[in-house]
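Subject: Handover of a structure and its findings

Dear colleague,

Please find the structure below, together with its sequence.

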Amino acid sequence: RAKHPASVELSSNVIKVKNLKIGDLIRGYDSGLNPAQCRVEAIGSFGSGVVFGNYTSSHYLFNPHSKVIEENGKEGDIAIDEKFDLISDCPLVEDEVGNRFSSIDSDFCGGSVKNMSWR
């Protein structure tokens with residue numbers, strides 16, 4: 001299950017994930033890595049837990065320099081916060097500071113996959 005940040009960008013307004021609804025449009029990227037308006041398909045709440053810069057350590061983020069999907073790791077400010085799952089019709093969604101995240105984490109892949117190629 002993917003655990004996502006507390007907010008993503010919707011147009012130019014920042015909306016908390018817990019306030020998004022199925023069908024809302026959010027900023028993301030299509031399979032060609034082109035900016036896209038993406039439709040929210042599902043949102044789930046997974047209680048509270050440790051996050052590092054708004055993501056769990058096992059959550060997959062896109063690294064634009066290497067073009068690889070990699071685990072967030074334990075970098076960034078540590079906090080205990082609400083965790084959410086956000087699934088859209090795009091492979092990557094953009095958060096309020098420009099991070100591109102996927103809808104899965106390494107737990108979904110069995111915990112052994114630490115990074116993967118975009119292609």
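Is Lys67 buried, exposed or partly exposed? Lys67 is partly exposed, because its relative accessible area is 47%, where buried means under 20%, exposed over 50%, and partly exposed in between (1.4 Å probe, protein chains only). Lys67 lies in the loop between strand 5 and strand 6 (68-71), and has a positive phi of about 60 degrees although it is not a glycine.

Please note that this is a predicted model, in which local features need pLDDT of at least 70, side-chain atom pairs count only at pLDDT 80 or more, and totals for chains, interfaces and linings use all residues. Residues are numbered from 1 along each chain as its sequence is written, and side-chain values use heavy atoms, with hydrogens and water left out.

The protein has 0 helices and 10 strands (DSSP runs numbered from the N terminus: helices are H or I, at least four residues; strands are E, at least two). Of its 119 residues, 38% count as buried. Among contacts (heavy atoms within 4.5 Å) with a separation of 6 or more, 63% join residues 24 or more positions apart.

Leu33 sits in the loop between strand 3 (25-29) and strand 4 and is buried, because its relative accessible area is 17%.

As to the interior, a nonpolar core is a set of buried Ala, Val, Leu, Ile, Met, Phe, Trp, Tyr and Cys residues joined through side-chain atoms within 4.5 Å. The largest one has 12 residues, including Val17, Cys38, Tyr55 and Phe101. Strand 4 (35-52) and strand 7 (78-88) are the elements that give two or more residues to this core. A second, separate core of 6 residues includes Leu33, Phe62, Ile69 and Leu92.

Strand 7 also holds Ile80, which counts as exposed because its relative accessibility is 63%.

Finally, Asn63 belongs to strand 5 (residues 59-63) and is buried, with a relative accessible area of 19%. Its side chain reaches the backbone nitrogen of His65 at 2.8 Å. Leaving aside neighbours within four places in sequence, Asn63 is in contact with Val68 and Glu70.

Yours sincerely

How values were computed: A polar contact is a pair of N or O atoms within 3.5 Å; within protein, one must be able to donate a hydrogen and the other to accept it, and residues adjacent in sequence count only if both atoms are side-chain atoms.
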